[in-house]
Amino acid sequence: MKILLVDDDAFLRDMYAKKFSAGGDQIDSADSGAAALQKIRQEDPYDLVLLDMVMPGITGVELIAALLEHAPEPHPVIVVLSNQGQQEDIEAAAAAGAKGYIVKAETVPSDVVKMVHDIVSKK
């Protein structure tokens, strides 16, 4: 699966990239919403975009809407991976088009990989 991982934390991007790569996924990453939108426009289509809710310049909800507007068809599955775990954040992400929401602090990285694959398989 071709994945775009969007997070402003370099350590987390690297850690999750290694976990997904170890499972056979192809990982590309972006450190901001603007960089993610540029990659969406320039790269071959992604199967999945995994993004944080809190980044400089653009919120996760704004990024979800922009990705769905600018990504080529078929749109990638969008899953949020964030420490923002309040119900209103989860509902806002879902309303914007996210198919899943994973709270980083409550989930070990190997389980994140499994959960993401489960979400994509139910697409």
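This is a predicted model: local features need pLDDT of at least 70, side-chain atom pairs count only at pLDDT 80 or more; totals for chains, interfaces and linings use all residues.
The expected span of a helix is 1.5 Å times one less than its number of residues.

Select residues 109–121, the 13 residues of H5. Next, highlight Pro109, Val112, Val113, Val116, Ile119 and Val120, which are buried. Viewed down the axis of H5, these buried residues fall within an arc of 130 degrees, so they line one face of the helix. To see what the buried residues pack against, display helix H1 (10–22) and strands S3 (48–51), S4 (77–82) and S5 (100–103).

Proceed to the largest nonpolar core, which has 25 residues; Val6, Leu51 and Leu63 touch the most other members. At least two residues of this core come from each of S1 (2–6), H2 (33–42), S3, H3 (60–70), S4, H4 (87–96) and S5. Centre the view on valine 6: beyond its neighbours within four places in sequence, its contacts include Ala30, Val49, Leu51, Met55 and Leu63. Another core, of 16 residues, lies apart from the largest one; among its members are Phe20, Val116, Ile119 and Val120.

Finally, select serine 82 in strand S4. Serine 82 is buried, with a relative accessible area of 1%. Its side chain makes a polar contact with the side chain of aspartate 52 at 3.2 Å, and also reaches the backbone nitrogen of glutamine 84 at 3.0 Å. Contacts of serine 82 beyond four places in sequence include Met53, Tyr101, Ile102, Val103 and Lys104.

Note on methods:
Residues are numbered from 1 along each chain as its sequence is written. Side-chain values use heavy atoms; hydrogens and water are left out. Helices (H or I, at least four residues) and strands (E, at least two) are DSSP runs, numbered from the N terminus. Buried means under 20% relative accessible area, exposed over 50%, partly exposed in between (1.4 Å probe, protein chains only). The arc is that of the directions from the helix axis to the C-beta atoms. Contact means heavy atoms within 4.5 Å. A nonpolar core is a set of buried Ala, Val, Leu, Ile, Met, Phe, Trp, Tyr and Cys residues joined through side-chain atoms within 4.5 Å. A polar contact is a pair of N or O atoms within 3.5 Å; within protein, one must be able to donate a hydrogen and the other to accept it, and residues adjacent in sequence count only if both atoms are side-chain atoms.
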